[in-house]
Amino acid sequence: MASHRRPKQPSRARVTVLTTAAAAAVALSSQAANAAPSEKPSKDEVKAKVDKLYQEAEQATEKYNGAKEKQEKLQKEISTIQDDVARGQKELNDLRDGLGSMASAQYRSGGIDPSLQLFLSADPDDYLDKASTLDQLSAQQVDGLKKIQEKQRELAQQRSEASEKLKDLSSTRTELGKKKKEVQGKLAAAQKLLNSLTAEEKAQLAEEDERASRNSERQALSAGDASTGTRAGTSTGTGRAAAAFAAAQSKLGTPYVYGATGPSSFDCSGLTSWAYAQAGVGLPRTSEAQTGAGTRIYSQSQLQVGDLVFFFNDLHHVGLYAGNGQIIHAPRTGTVVRYESMNTIGGPFMFGVRV
(Lines give C-alpha, C1' and ligand atoms only; values in the text may rest on other atoms or scores of the structure.)
Protein backbone atom coordinates (compact mmCIF):
# COMPACT_ATOMS: atom_id res chain seq x y z
CA MET A 1 0.00 0.00 0.00
CA ALA A 2 1.54 3.24 -1.17
CA SER A 3 2.01 5.90 1.40
CA HIS A 4 0.50 9.31 0.73
CA ARG A 5 2.65 12.14 2.03
CA ARG A 6 1.50 15.72 2.21
CA PRO A 7 3.63 17.94 -0.09
CA LYS A 8 6.10 20.09 1.81
CA GLN A 9 4.98 23.72 1.90
CA PRO A 10 7.50 26.52 1.42
CA SER A 11 8.40 28.36 4.55
CA ARG A 12 6.81 31.69 5.26
CA ALA A 13 10.22 33.38 5.09
CA ARG A 14 10.86 31.96 1.63
CA VAL A 15 7.47 33.11 0.39
CA THR A 16 8.16 36.59 1.70
CA VAL A 17 11.55 36.82 -0.10
CA LEU A 18 10.14 35.59 -3.38
CA THR A 19 7.21 37.95 -3.17
CA THR A 20 9.46 40.89 -2.44
CA ALA A 21 11.80 40.04 -5.33
CA ALA A 22 8.89 39.71 -7.71
CA ALA A 23 7.46 43.02 -6.58
CA ALA A 24 10.83 44.69 -7.08
CA ALA A 25 11.15 43.24 -10.55
CA VAL A 26 7.72 44.52 -11.46
CA ALA A 27 8.57 47.95 -10.07
CA LEU A 28 11.84 48.13 -12.01
CA SER A 29 10.10 47.01 -15.18
CA SER A 30 7.49 49.66 -14.66
CA GLN A 31 10.13 52.35 -14.06
CA ALA A 32 12.06 51.29 -17.14
CA ALA A 33 8.92 51.40 -19.22
CA ASN A 34 7.95 54.83 -17.94
CA ALA A 35 11.47 56.38 -17.87
CA ALA A 36 12.03 59.07 -20.44
CA PRO A 37 14.90 58.39 -22.81
CA SER A 38 18.04 60.44 -22.19
CA GLU A 39 17.80 63.69 -24.10
CA LYS A 40 20.41 64.46 -26.71
CA PRO A 41 22.17 67.80 -26.09
CA SER A 42 21.01 70.56 -28.39
CA LYS A 43 23.46 72.16 -30.79
CA ASP A 44 23.48 75.27 -28.60
CA GLU A 45 24.37 73.22 -25.53
CA VAL A 46 27.14 71.48 -27.43
CA LYS A 47 28.45 74.82 -28.69
CA ALA A 48 28.47 76.28 -25.16
CA LYS A 49 30.45 73.35 -23.82
CA VAL A 50 32.93 73.43 -26.68
CA ASP A 51 33.42 77.19 -26.27
CA LYS A 52 34.16 76.69 -22.58
CA LEU A 53 36.73 74.02 -23.37
CA TYR A 54 38.34 76.25 -25.98
CA GLN A 55 38.70 78.98 -23.36
CA GLU A 56 40.38 76.55 -20.98
CA ALA A 57 42.73 75.44 -23.74
CA GLU A 58 43.58 79.05 -24.56
CA GLN A 59 44.34 79.77 -20.91
CA ALA A 60 46.77 76.84 -20.79
CA THR A 61 48.31 77.85 -24.11
CA GLU A 62 49.00 81.42 -22.99
CA LYS A 63 50.71 80.14 -19.85
CA TYR A 64 52.69 77.65 -21.90
CA ASN A 65 53.72 80.42 -24.30
CA GLY A 66 54.96 82.49 -21.37
CA ALA A 67 56.99 79.61 -19.96
CA LYS A 68 58.49 78.90 -23.37
CA GLU A 69 59.46 82.54 -23.83
CA LYS A 70 61.14 82.60 -20.42
CA GLN A 71 63.03 79.43 -21.20
CA GLU A 72 64.33 80.79 -24.50
CA LYS A 73 65.47 83.99 -22.78
CA LEU A 74 67.17 82.01 -20.03
CA GLN A 75 68.95 79.79 -22.54
CA LYS A 76 70.40 82.87 -24.23
CA GLU A 77 71.58 84.19 -20.87
CA ILE A 78 73.19 80.86 -20.05
CA SER A 79 74.93 80.81 -23.42
CA THR A 80 76.32 84.30 -22.79
CA ILE A 81 77.53 83.32 -19.34
CA GLN A 82 79.22 80.20 -20.69
CA ASP A 83 81.02 82.29 -23.30
CA ASP A 84 82.19 84.69 -20.59
CA VAL A 85 83.40 81.81 -18.45
CA ALA A 86 85.30 80.33 -21.40
CA ARG A 87 87.04 83.65 -22.07
CA GLY A 88 87.85 84.07 -18.39
CA GLN A 89 89.24 80.56 -18.23
CA LYS A 90 91.48 81.25 -21.26
CA GLU A 91 92.80 84.41 -19.63
CA LEU A 92 93.44 82.49 -16.46
CA ASN A 93 95.28 79.76 -18.38
CA ASP A 94 97.43 82.36 -20.15
CA LEU A 95 98.37 83.90 -16.80
CA ARG A 96 99.21 80.51 -15.38
CA ASP A 97 101.41 79.76 -18.40
CA GLY A 98 103.17 83.10 -17.91
CA LEU A 99 103.72 82.45 -14.23
CA GLY A 100 104.97 78.94 -14.99
CA SER A 101 107.49 80.23 -17.53
CA MET A 102 108.76 82.80 -15.04
CA ALA A 103 109.10 80.21 -12.31
CA SER A 104 111.01 77.90 -14.67
CA ALA A 105 113.39 80.69 -15.60
CA GLN A 106 114.03 81.47 -11.96
CA TYR A 107 114.62 77.81 -11.23
CA ARG A 108 117.06 77.48 -14.11
CA SER A 109 118.94 80.52 -12.77
CA GLY A 110 119.62 78.43 -9.70
CA GLY A 111 117.54 80.46 -7.34
CA ILE A 112 120.59 82.57 -6.37
CA ASP A 113 120.01 85.05 -3.62
CA PRO A 114 119.27 88.48 -5.17
CA SER A 115 122.00 90.21 -3.12
CA LEU A 116 124.63 87.71 -4.31
CA GLN A 117 123.42 88.03 -7.93
CA LEU A 118 123.85 91.78 -7.62
CA PHE A 119 127.36 91.32 -6.28
CA LEU A 120 128.34 88.93 -9.10
CA SER A 121 126.62 90.83 -11.87
CA ALA A 122 128.83 92.34 -14.53
CA ASP A 123 126.31 95.15 -14.95
CA PRO A 124 124.61 95.92 -11.59
CA ASP A 125 122.50 98.69 -13.09
CA ASP A 126 121.12 96.35 -15.76
CA TYR A 127 120.41 93.72 -13.14
CA LEU A 128 118.51 96.19 -10.98
CA ASP A 129 116.38 97.25 -13.96
CA LYS A 130 115.52 93.63 -14.74
CA ALA A 131 114.76 92.87 -11.10
CA SER A 132 112.48 95.89 -10.89
CA THR A 133 110.64 94.82 -14.05
CA LEU A 134 110.37 91.27 -12.73
CA ASP A 135 108.73 92.48 -9.55
CA GLN A 136 106.28 94.68 -11.46
CA LEU A 137 105.27 91.89 -13.82
CA SER A 138 104.80 89.52 -10.93
CA ALA A 139 102.57 91.97 -9.10
CA GLN A 140 100.53 92.61 -12.24
CA GLN A 141 100.05 88.91 -12.89
CA VAL A 142 99.05 88.20 -9.32
CA ASP A 143 96.56 91.05 -9.44
CA GLY A 144 95.23 89.84 -12.80
CA LEU A 145 94.96 86.31 -11.50
CA LYS A 146 92.92 87.47 -8.54
CA LYS A 147 90.58 89.40 -10.83
CA ILE A 148 90.13 86.48 -13.19
CA GLN A 149 89.51 84.09 -10.32
CA GLU A 150 86.96 86.47 -8.86
CA LYS A 151 85.25 86.79 -12.23
CA GLN A 152 85.29 83.03 -12.67
CA ARG A 153 83.61 82.52 -9.31
CA GLU A 154 81.01 85.13 -10.18
CA LEU A 155 80.27 83.56 -13.56
CA ALA A 156 80.14 80.08 -12.06
CA GLN A 157 77.61 81.31 -9.53
CA GLN A 158 75.53 82.92 -12.26
CA ARG A 159 75.66 79.75 -14.31
CA SER A 160 74.55 77.72 -11.32
CA GLU A 161 71.65 80.07 -10.67
CA ALA A 162 70.64 79.95 -14.33
CA SER A 163 70.74 76.15 -14.29
CA GLU A 164 68.47 76.07 -11.26
CA LYS A 165 66.05 78.46 -12.94
CA LEU A 166 66.09 76.32 -16.05
CA LYS A 167 65.26 73.24 -13.99
CA ASP A 168 62.36 75.06 -12.36
CA LEU A 169 61.15 76.29 -15.73
CA SER A 170 61.40 72.80 -17.18
CA SER A 171 59.22 71.49 -14.36
CA THR A 172 56.73 74.27 -14.99
CA ARG A 173 56.59 73.46 -18.67
CA THR A 174 56.06 69.79 -17.88
CA GLU A 175 53.16 70.66 -15.62
CA LEU A 176 51.69 72.98 -18.22
CA GLY A 177 52.10 70.28 -20.83
CA LYS A 178 50.09 67.90 -18.66
CA LYS A 179 47.39 70.53 -18.24
CA LYS A 180 47.29 71.19 -21.96
CA LYS A 181 47.02 67.45 -22.60
CA GLU A 182 44.12 67.29 -20.17
CA VAL A 183 42.37 70.14 -21.95
CA GLN A 184 42.98 68.48 -25.30
CA GLY A 185 41.23 65.42 -23.91
CA LYS A 186 38.25 67.58 -23.07
CA LEU A 187 38.36 69.06 -26.55
CA ALA A 188 38.30 65.56 -28.00
CA ALA A 189 35.21 64.79 -25.92
CA ALA A 190 33.61 68.00 -27.12
CA GLN A 191 34.50 67.13 -30.71
CA LYS A 192 32.78 63.80 -30.18
CA LEU A 193 29.67 65.71 -29.17
CA LEU A 194 29.99 67.89 -32.25
CA ASN A 195 30.25 64.78 -34.37
CA SER A 196 27.00 63.57 -32.87
CA LEU A 197 25.17 66.51 -34.41
CA THR A 198 23.43 66.10 -37.70
CA ALA A 199 24.91 67.55 -40.84
CA GLU A 200 22.18 70.15 -40.82
CA GLU A 201 22.98 71.20 -37.25
CA LYS A 202 26.69 71.46 -38.06
CA ALA A 203 25.88 73.61 -41.06
CA GLN A 204 23.70 75.84 -38.89
CA LEU A 205 26.52 76.38 -36.38
CA ALA A 206 28.97 77.19 -39.16
CA GLU A 207 26.51 79.63 -40.74
CA GLU A 208 25.88 81.34 -37.41
CA ASP A 209 29.61 81.90 -36.94
CA GLU A 210 30.03 83.16 -40.48
CA ARG A 211 27.03 85.44 -40.27
CA ALA A 212 28.24 86.96 -36.98
CA SER A 213 31.67 87.62 -38.49
CA ARG A 214 30.15 89.26 -41.58
CA ASN A 215 27.94 91.48 -39.43
CA SER A 216 30.95 92.54 -37.33
CA GLU A 217 32.95 93.32 -40.44
CA ARG A 218 30.13 95.45 -41.87
CA GLN A 219 29.83 97.40 -38.64
CA ALA A 220 33.56 97.98 -38.41
CA LEU A 221 33.83 99.09 -42.03
CA SER A 222 30.72 101.26 -42.11
CA ALA A 223 30.95 103.14 -38.84
CA GLY A 224 33.30 105.99 -38.03
CA ASP A 225 35.36 105.62 -34.88
CA ALA A 226 34.22 108.23 -32.37
CA SER A 227 37.70 108.73 -30.96
CA THR A 228 39.60 109.39 -34.17
CA GLY A 229 36.99 110.55 -36.64
CA THR A 230 38.39 108.15 -39.22
CA ARG A 231 36.65 105.24 -40.85
CA ALA A 232 37.25 102.30 -38.58
CA GLY A 233 38.62 99.12 -40.05
CA THR A 234 40.61 100.82 -42.79
CA SER A 235 44.35 101.16 -43.06
CA THR A 236 44.13 104.95 -43.36
CA GLY A 237 45.47 107.13 -40.60
CA THR A 238 48.86 107.61 -39.06
CA GLY A 239 50.86 105.96 -36.37
CA ARG A 240 52.02 102.49 -35.58
CA ALA A 241 48.60 101.41 -34.33
CA ALA A 242 47.14 102.01 -37.79
CA ALA A 243 50.01 100.10 -39.39
CA ALA A 244 49.57 97.19 -36.97
CA PHE A 245 45.83 97.14 -37.64
CA ALA A 246 46.42 97.09 -41.39
CA ALA A 247 48.79 94.15 -40.91
CA ALA A 248 46.14 92.28 -38.93
CA GLN A 249 43.58 92.99 -41.66
CA SER A 250 45.90 91.39 -44.20
CA LYS A 251 45.65 88.14 -42.22
CA LEU A 252 41.84 87.87 -42.17
CA GLY A 253 40.95 84.24 -42.88
CA THR A 254 44.26 82.86 -41.55
CA PRO A 255 43.69 79.78 -39.35
CA TYR A 256 44.01 79.75 -35.58
CA VAL A 257 46.68 77.38 -34.26
CA TYR A 258 47.77 77.06 -30.63
CA GLY A 259 51.16 78.65 -30.00
CA ALA A 260 51.46 80.06 -33.53
CA THR A 261 52.94 83.51 -34.17
CA GLY A 262 52.45 83.76 -37.94
CA PRO A 263 52.61 84.44 -40.68
CA SER A 264 50.55 81.43 -41.85
CA SER A 265 48.71 80.78 -38.56
CA PHE A 266 48.19 82.51 -35.22
CA ASP A 267 46.88 82.28 -31.71
CA CYS A 268 45.42 85.41 -30.11
CA SER A 269 48.59 86.99 -28.73
CA GLY A 270 50.57 85.63 -31.66
CA LEU A 271 48.44 87.76 -33.99
CA THR A 272 48.79 90.98 -31.99
CA SER A 273 52.54 90.58 -31.49
CA TRP A 274 53.03 89.80 -35.19
CA ALA A 275 50.87 92.75 -36.30
CA TYR A 276 52.77 95.25 -34.17
CA ALA A 277 56.08 93.76 -35.27
CA GLN A 278 55.13 94.74 -38.83
CA ALA A 279 54.77 98.30 -37.52
CA GLY A 280 58.21 98.20 -35.91
CA VAL A 281 57.01 97.61 -32.36
CA GLY A 282 58.14 94.62 -30.30
CA LEU A 283 55.40 93.26 -28.02
CA PRO A 284 55.80 90.53 -25.39
CA ARG A 285 54.64 87.07 -26.43
CA THR A 286 51.68 86.52 -24.11
CA SER A 287 48.43 88.42 -23.70
CA GLU A 288 49.05 89.05 -20.01
CA ALA A 289 52.49 90.50 -20.69
CA GLN A 290 51.12 92.67 -23.49
CA THR A 291 48.97 94.55 -20.98
CA GLY A 292 52.09 96.47 -19.98
CA ALA A 293 52.89 97.64 -23.52
CA GLY A 294 51.30 101.08 -23.20
CA THR A 295 48.61 103.24 -21.61
CA ARG A 296 45.52 101.46 -20.33
CA ILE A 297 42.11 102.58 -21.59
CA TYR A 298 39.26 101.45 -19.35
CA SER A 299 36.39 103.10 -21.22
CA GLN A 300 35.29 101.29 -24.36
CA SER A 301 34.13 104.60 -25.82
CA GLN A 302 37.71 105.91 -25.70
CA LEU A 303 39.21 103.05 -27.68
CA GLN A 304 40.87 103.81 -31.01
CA VAL A 305 41.50 101.60 -34.02
CA GLY A 306 44.60 99.47 -33.40
CA ASP A 307 44.41 99.55 -29.59
CA LEU A 308 44.96 96.22 -27.90
CA VAL A 309 41.81 94.95 -26.17
CA PHE A 310 41.84 92.37 -23.36
CA PHE A 311 39.14 90.01 -22.14
CA PHE A 312 38.45 87.69 -19.18
CA ASN A 313 39.55 88.25 -15.61
CA ASP A 314 42.85 86.46 -16.15
CA LEU A 315 43.50 88.45 -19.38
CA HIS A 316 44.05 85.33 -21.46
CA HIS A 317 42.57 86.76 -24.65
CA VAL A 318 43.60 89.78 -26.71
CA GLY A 319 42.65 91.34 -30.04
CA LEU A 320 42.93 94.62 -31.97
CA TYR A 321 40.16 97.20 -31.77
CA ALA A 322 38.45 97.71 -35.14
CA GLY A 323 35.96 100.45 -34.22
CA ASN A 324 32.27 100.51 -33.36
CA GLY A 325 32.59 97.82 -30.69
CA GLN A 326 34.27 95.33 -33.03
CA ILE A 327 37.70 93.69 -32.94
CA ILE A 328 39.98 91.68 -35.21
CA HIS A 329 41.33 88.64 -33.42
CA ALA A 330 42.28 84.97 -33.65
CA PRO A 331 39.39 83.48 -31.64
CA ARG A 332 39.99 79.76 -30.99
CA THR A 333 40.77 76.45 -32.60
CA GLY A 334 38.65 75.63 -35.61
CA THR A 335 38.28 79.29 -36.56
CA VAL A 336 40.22 81.89 -38.53
CA VAL A 337 41.36 85.46 -37.94
CA ARG A 338 38.16 87.48 -38.21
CA TYR A 339 36.08 90.41 -37.06
CA GLU A 340 33.89 89.89 -34.01
CA SER A 341 31.76 91.97 -31.69
CA MET A 342 33.25 92.60 -28.27
CA ASN A 343 29.91 91.48 -26.83
CA THR A 344 30.24 87.95 -28.16
CA ILE A 345 33.80 87.08 -27.04
CA GLY A 346 32.49 84.97 -24.16
CA GLY A 347 34.21 86.93 -21.41
CA PRO A 348 34.11 90.50 -20.12
CA PHE A 349 36.09 93.32 -21.67
CA MET A 350 38.70 94.34 -19.08
CA PHE A 351 40.53 97.27 -20.69
CA GLY A 352 42.42 98.39 -23.77
CA VAL A 353 46.07 99.34 -24.16
CA ARG A 354 47.29 102.11 -26.43
CA VAL A 355 50.75 101.00 -27.47
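Guide: Pro263 sits in the loop between H6 and H7. Helix H6 spans 240–249 and helix H7 spans 268–278. The peptide bond leading from Gly262 into Pro263 is cis, with omega near 0°. Most residues other than glycine have a negative phi, and most peptide bonds are trans.

This is a predicted model: local features need pLDDT of at least 70, side-chain atom pairs need pLDDT 80 or more, and totals for chains, interfaces and linings use all residues. Numbering starts from 1 along each chain as its sequence is written, and side-chain values use heavy atoms, without hydrogens or water.

Now the helix after the loop. H7 is mostly covered, with nine of its eleven residues buried. Buried means under 20% relative accessible area, exposed means over 50%, and partly exposed lies in between (1.4 Å probe, protein chains only). The buried residues of H7 are Cys268, Ser269, Gly270, Leu271, Thr272, Ser273, Trp274, Ala275 and Tyr276. After H7 comes Gly280, whose phi is positive, near 85°.

Ala275 and Tyr276 are among the residues with the most contacts inside the largest nonpolar core, together with Leu308, Phe310, Leu320 and Ile328. That core has 39 residues. A nonpolar core is a set of buried Ala, Val, Leu, Ile, Met, Phe, Trp, Tyr and Cys residues joined through side-chain atoms within 4.5 Å. H2, H4, H5, H6, H7, strand S2 (308–311), strand S3 (317–323) and strand S6 (349–354) each supply at least two of its residues. Another core, of nine residues, lies apart from this one; among its members are Ile297, Phe311, Ile327 and Met342. In soluble globular proteins, nonpolar side chains tend to be buried together.

Follow Phe310. Beyond its neighbours within four places in sequence, Phe310 is in contact (heavy atoms within 4.5 Å) with residues including Ser287, Gln290, Thr291, Leu315, Phe349 and Phe351. Two of these partners deserve a stop.

Take Thr291. Thr291 is in the loop between helix H8 (287–290) and strand S1 (295–297). Thr291 is buried, because its relative accessible area is 7%. A polar atom of the Thr291 side chain lies 2.6 Å from the backbone oxygen of Glu288. Not counting residues up to four places away in sequence, Thr291 touches Arg296, Phe310, Leu315, Phe351 and Val353.

Then Leu315. Leu315 is in the loop between S2 and S3. Phi of Leu315 is positive, near 60°, in a residue other than glycine. Leu315 counts as buried, because its relative accessibility is 14%.

Asn324 lies in the loop between S3 and strand S4 (326–329). At 36% relative accessibility, Asn324 counts as partly exposed.

On to Arg338, in strand S5. Arg338 is buried, because its relative accessible area is 11%. Sequence neighbours up to four places away aside, Arg338 touches Asp209, Ser213, Leu252, Ile327, Ile328, His329 and Pro331.

A pocket is an open set of points on a 1 Å grid over the protein atoms alone, where a 1.4 Å probe fits, with protein on both sides within 12 Å along at least five of seven lines; lining residues have an atom within 4 Å of a point. Of its 24 lining residues, Ala206, Asp209, Arg332, Gly334 and Thr335 are closest to the centre. Helix H5 gives the largest share of the lining, eight residues. Helix H2 (43–108), helix H4 (124–196), helix H5 (199–222) and strand S5 (338–341) each supply at least two.

Last, the whole chain. There are eight helices and six strands. Of the 355 residues, 33% count as buried. Among contacts with a separation of 6 or more, 67% join residues 24 or more positions apart.

Key
Helices (H or I, at least four residues) and strands (E, at least two) are DSSP runs, numbered from the N terminus. A polar contact is a pair of N or O atoms within 3.5 Å; within protein, one must be able to donate a hydrogen and the other to accept it, and residues adjacent in sequence count only if both atoms are side-chain atoms.
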